[in-house]
Amino acid sequence: MSPILLSVLIGIAIIGHGIGHVLGVMSALGFQLTPQHSSESWLLTRILGKPVSRAVLFIVFAAATIFIIMGGLGINGWLVPLDRWAWLTTVGSILSIVGLVLFPKAFPTLFPNVIGALAVDITALLTIYWWHWPPLLFK
């Protein structure tokens, strides 16, 4: 597989992952796609109340969406400089993990939504910082 095709496919996967975080934003806005889909946090709703908890949910998932999509665009230098893709994806993945831990019902289903998102986030972080892969992006 050519390096260009590989980076395009990785970019599309990252962008798709970012778009999926709109589910958390929808939850914060009150949309309920399944009976278990909820904007409540197991921790923050009790401490801060529902309105503040929903605001945190909105901010975390809106930011994760933006950062991850920007990272996916940056991996190919589309609209975002190539040298910024890794830290944009990192910030987005960390926000995603924090959001999914605090708001596990913000996505409609545990599998594939929450588990899949966590798997992609962890894979992205391992790929970037442990394996330094794909190597063509770290030259």
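1. Helices (H or I, at least four residues) and strands (E, at least two) are DSSP runs, numbered from the N terminus, and the place of alanine 106, taken up again below, is in the loop between two such helices, H5 and H6. The model is a predicted one, in which local features need pLDDT of at least 70 and side-chain atom pairs count only at pLDDT 80 or more, while totals for chains, interfaces and linings use all residues. Residues are numbered from 1 along each chain as its sequence is written, and side-chain values use heavy atoms, with hydrogens and water left out.

2. A first point concerns two helices. Helix H5 covers residues 85-102 and helix H6 covers residues 110-129; their axes come within 9 Å and cross at roughly 145 degrees, where axes are lines fitted to C-alpha atoms, for helices over the stretch in contact, and angles run from 0 to 180 degrees between N-to-C directions.

3. Which residues in H5 meet residues in H6? On the H5 side they include Trp85, Trp87, Ile94 and Leu100, and on the H6 side they include Val114, Leu118, Asp121 and Tyr129, contact meaning heavy atoms within 4.5 Å. The residues of this contact divide into 14 nonpolar, 4 polar and 1 charged; here Ala, Val, Leu, Ile, Met, Phe, Trp, Tyr, Cys and Pro count as nonpolar, Asp, Glu, Lys and Arg as charged, and the others, Gly among them, as polar.

4. Two backbone details deserve a careful look, given that most residues other than glycine have a negative phi, and most peptide bonds are trans. The peptide bond from phenylalanine 111 to proline 112 is cis, with omega near 10 degrees, and proline 112 lies in helix H6. Leucine 79, although not a glycine, has a positive phi of about 65 degrees; this leucine 79 is found in the loop between helix H4 (50-74) and H5. Leucine 79 is also exposed, because its relative accessible area is 80%, and the scale is that buried means under 20% relative accessible area, exposed over 50%, and partly exposed in between (1.4 Å probe, protein chains only).

5. How many aromatic pairs are there? The count comes to 2 aromatic pairs, by the rule that rings of Phe, Tyr and Trp (its six-membered ring) pair if their centres lie within 6.5 Å, with planes under 30 degrees apart counted as stacked, over 60 as edge-to-face and the rest as tilted. One of them joins phenylalanine 61 and phenylalanine 107 and is tilted, with 5.3 Å centre to centre and 45 degrees between the planes. This pair links distant parts of the chain, since phenylalanine 61 is in helix H4 and phenylalanine 107 in the loop between H5 and H6, 46 residues apart. Phenylalanine 61 counts as buried at 0% relative accessibility, and phenylalanine 107 counts as buried at 4%.

6. Side chains of opposite charge can pair when their charged atoms come close. The structure holds 1 salt bridge, defined as a side-chain nitrogen of Lys or Arg within 4 Å of a carboxyl oxygen of Asp or Glu. Glutamate 40 forms a salt bridge with lysine 50, and the closest N and O atoms are 3.3 Å apart. Glutamate 40 is in the loop between helix H2 (22-28) and helix H3 (44-48), lysine 50 is in helix H4, and the two are 10 residues apart. Both ends are partly exposed, glutamate 40 with a relative accessible area of 37% and lysine 50 at 38% relative accessibility.

7. The loop between H5 and H6 returns here with two residues. Alanine 106 counts as buried at 0% relative accessibility and, leaving aside its neighbours within four places in sequence, is in contact with residues including Leu23, His37, Leu57 and Phe61. Proline 108 lies in the loop between H5 and H6 as well and counts as buried at 8% relative accessibility. Proline 108 and glutamine 36 are 72 residues apart in sequence and 6.6 Å apart in space, C-alpha to C-alpha, and Gln36 is one of the residues in contact with proline 108.
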